[in-house]
Amino acid sequence: THWQGGAYWPPAASSEPPPEHTSLEAWFPWLADPDLEQPTLSPSLYLQIESERAAAVCGPDHRRYRHLLQSLERILAAAGETPIAFCLIPDEFQVEDELWRRLQESSPDVPLDRDQPQRILGEWFRRRGVEHLDLLGPLRAAAPTADGRRRLYHRQDTHFNARGNRIAGESLARFVRERFCGEASAAAGAR
């Protein structure tokens with residue numbers, strides 16, 4: 001189920017599965033057309049959440065990164081010789097230009113660096129020779145919908161929609177295939 005327009009879809013009264021000839025898009029039309037989706041959060045709450053996230057990861061205070069990087073060090077130590085990789089999942093404000101513009105306008109006195117998380121973490125992974133997939137590039141490369149937005153996240157929700165999940169899933173599958181399947185990755189000794 002999914003929270004949609006103030007109610008869960010499909011309605012609780014619909015405990016029976018849809019007839020076989022009914023597509024998921026008939027039940028969830030926003031799967032095929034993200035412009036049909038109703039917002040999950042109010043505009044003000046959504047902007048507050050995204051503003052707090054942007055300040056936390058794109059602002060000048062890097063204390064959170066120290067704690068995160070220490071946690072990543074512990075994960076690497078626990079993994080030992082087991083191959084390990086990480087996936088960087090960008091926040092919507094890093095992908096949607098209009099949302100980024102709104103965040104900057106709402107906090108003009110707070111210097112924000114939109115790509116800072118990828119730069120800090122990517123550099124850390126590279127220095128240690130740790131494989132990682134950064135989804136920012138593939139998500140930003142998505143073709144915009146009719147309104148000029150990429151529409152890869154549920155509306156005012158912060159989670160991927162079907163379109164975003166498809167790009168993330170395809171990117172992850174390609175990454176795993178290229179890095180961890182077959183002789184090439186074994187010969188390279190991917191960590």
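User: Why is A85 called partly exposed?
Analyst: A85 has a relative accessible area of 30%. Buried means under 20%, exposed means over 50%, and partly exposed lies in between (1.4 Å probe, protein chains only). The value of A85 falls between these limits, so A85 is partly exposed. This is a predicted model, in which local features need pLDDT of at least 70, side-chain atom pairs count only at pLDDT 80 or more, and totals for chains, interfaces and linings use all residues. Residues are numbered from 1 along each chain as its sequence is written, and side-chain values use heavy atoms, with hydrogens and water left out.

User: What does A85 touch, and where is A85 found?
Analyst: A85 is found in strand β3. Leaving out residues up to four places away in sequence, A85 touches E131, F175 and F180; contact means heavy atoms within 4.5 Å.

User: How many helices and strands does the chain have, and what makes a stretch count as one?
Analyst: The chain has 9 helices and 4 strands. Both are DSSP runs numbered from the N terminus: helices are H or I with at least four residues, and strands are E with at least two. From the N terminus on, the elements run β-β-α-α-α-β-α-α-α-β-α-α-α.

User: Is R126 buried or exposed, and what makes it so?
Analyst: R126 is exposed, because its relative accessible area is 54%. R126 lies in helix α6. Not counting residues up to four places away in sequence, R126 touches R119 and H132.

User: What share of the residues in the chain is buried?
Analyst: Buried residues make up 35% of the 191 residues in the chain.

User: What is phi for T158 and for Q156?
Analyst: Phi of T158 is near 80 degrees, a positive value in a residue other than glycine. Phi of Q156 is near 45 degrees, likewise a positive value in a residue other than glycine. Most residues other than glycine have a negative phi. T158 is in the loop between α7 and α8, and Q156 lies in the loop between α7 (136-140) and α8 (162-180). At 14% relative accessibility, T158 counts as buried.

User: How do you know what angle α2 and α5 make?
Analyst: The axes of α2 and α5 come within 10 Å and cross at roughly 80 degrees. That makes α2 roughly perpendicular to α5, because 65 to 115 degrees counts as roughly perpendicular, under 35 as roughly parallel, over 145 as roughly antiparallel and the rest as oblique. The axes are lines fitted to C-alpha atoms, for helices over the stretch in contact, and angles run from 0 to 180 degrees between N-to-C directions.

User: Which residues make the contact of α2 with α5?
Analyst: Y46, L47, E50, S51, A54 and C58 of α2 meet L99, W100, R102, L103 and S106 of α5. By class, this contact has 7 nonpolar, 2 polar and 2 charged residues. Ala, Val, Leu, Ile, Met, Phe, Trp, Tyr, Cys and Pro count as nonpolar, Asp, Glu, Lys and Arg as charged, and the others, Gly among them, as polar.

User: What makes a region a pocket, and what volume has the largest pocket?
Analyst: On a 1 Å grid over the protein atoms alone, a pocket is an open set of points with protein on both sides within 12 Å along at least five of seven lines, and lining residues have an atom within 4 Å of a point. The largest pocket has a volume of about 240 Å³, a volume being the space filled by probe spheres set on the points.

User: Which residues line the largest pocket?
Analyst: It is lined by 15 residues, of which Y46, E92, R149, R151 and Q156 lie nearest its centre. The lining divides into 6 nonpolar, 2 polar and 7 charged residues.

How values were computed
1 Å grid on protein atoms, 1.4 Å probe; cavity = no way out; pocket = protein on both sides within 12 Å on 5 of 7 lines; lining within 4 Å.
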